[in-house]
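Have the sequence and the 3D view ready as you read.

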Amino acid sequence: MHHKTIIEPFRIKSVEPIRLSSQEERVQYLKEAHYNLFQLTSDRVIIDLLTDSGTSAMSAEQWGGIMRGDESYAGASSWLRMEAEIKDLTGFPYVLPTHQGRAAERILYSYLGGEGKTFIANTHFDTTRANIEYSGATAIDIPIAEAYEPEQFHPFKGNMDTDKLRALIEEKGGANIGAVILTVTNNSGGGQPVSMANTREVAAICKEAGILFLLDACRIAENAYFIHWREEGFVDHAYRSIAQEMFRLADGAIMSAKKDAMVNMGGFLAVKDADIADACKNMLIITEGYTTYGGLSGRDMEAIAIGLQEVFFPDYLKYRIRSTTYVGDKLREKGVPIMWPVGGHAVYVDAKAFYPNIPVEEFPGQALACDLYLAGGIRSCEIGSVMFGKYTDDGQLIPAATELVRLAIPRRVYTQSHMDYMIETFDGLMDNRDKRTGYTITYEPPFLRHFTANFEPKG
Ligand code: F0G
């Protein structure tokens, strides 16, 4: 018999209780958090969809590995295991362990960057952009045009616009380009995949112009799943071999292990070039740790080596992508406007379309994130004008391009009934949507205001 239901391919061995709260309690909690979900303590959240980063449940194998972790300062066996795994996966001869993705970014981009350099990506993730700009360099995003059309289907909406890439290389001069980066999947663009054909084309353009080509590979297993099923010629290729093929087109990669390596902390940098590796190793030793542990404990490295294997297990990846798609499909059936098609690690709700009466100056994404919390104890993340809005000199808001709310799904953590509960929560928000009002900011810091800003409901 063919089953329609795709089950979680694991049994639960250890559980973490969730404290259930009432709507009355949450009204008070939200007020105490100044209507900013980052200021809620986690025991006041029922389902936490703030991020898929560092929130994975580890397997019994990984917990076993934690116990086996070798904590020797130099040459630990856990390091050798992690290094061998990454070398086999990426094909890069030099691997540098770091405590998380942005530490690898800081090391690499402070070396490659600096005044006058330009970096080009399908979309730079915030920490990538911040590290590049901090070095004095410029970061430019050139996703394909479809990436900005929430409703338009494209199988590989994370692709880079290669005509724009050629034009930018012509304009800036190859020698002034620090690197070209493909973020797979494209997180800031909705968790959308990049095709192998696009990767090949970008690689060829970079090779011809003598420009370094890098992957931001933190969700490369999820990306490989989409290539397997959506791109012609890959249905017979194993997920891991698709990822290997993609790595082999690049000159180097950065990976936050907090995503597809399914650990709670960790990352690495891997490159082909010995000179880049040497320069980065010096910076690694000064700021992270010795080359055989970087910012990591031996046990963390053991768990990364195992997680990098498990993430390519076909039953896991099928369950992973199906459960994200399930949430997106159900929300769409209800008429909730979402980024389409559904990406790998999260569903992005278009809050501007959901609350058409809330002007961007009153932050529709913030209103939706607060309402999801009040109605269901769900913590999501505004990705809109709270996070990316800027001001003119006379204090007028320059809104972000889109007002989204991200529902990021932690790996192996929640069951289908958690997701059904979350989906149901939207029912209560659908009525009287056109009467909803927004928020004003009562306090904000000069940088990264979404973490610490305070809000008050309008009216
Ligand atoms: N690159 C991408 C594409 C990311 O999504 C992240 C983190 C990083 C780099 C930085 O890695 O957090 O280990 O330093 N994304 C998290 C998120 C924070 O919620 O999407 P890190």
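Y73 counts as exposed because its relative accessibility is 55% (buried means under 20% relative accessible area, exposed over 50%, partly exposed in between, with a 1.4 Å probe and protein chains only). You will find Y73 in the loop between α2 (60–68) and α3 (77–90).

A word on the source: this is a predicted model, where local features need pLDDT of at least 70, side-chain atom pairs count only at pLDDT 80 or more, and totals for chains, interfaces and linings use all residues. Residues are numbered from 1 along each chain as its sequence is written, and side-chain values use heavy atoms, leaving out hydrogens and water.

Now turn to R406, which sits in strand β14 (residues 404–408). R406 is buried but has no salt bridge (a side-chain nitrogen of Lys or Arg within 4 Å of a carboxyl oxygen of Asp or Glu). Here are the distances from its side chain:

|---|---|
| N187, side chain, polar contact | 3.2 Å |

A polar contact is a pair of N or O atoms within 3.5 Å; within protein, one must be able to donate a hydrogen and the other to accept it, and residues adjacent in sequence count only if both atoms are side-chain atoms.

Lastly, P9 belongs to the segment before α1 (23–32). P9 counts as partly exposed because its relative accessibility is 36%. Beyond residues up to four places away in sequence, P9 touches D315, Y316 and Y319, contact being heavy atoms within 4.5 Å.

Definitions and conventions:
Helix = DSSP H or I, 4+ residues; strand = E, 2+ residues; numbered from the N terminus. Lys, Arg positive; Asp, Glu negative; His and termini not counted.
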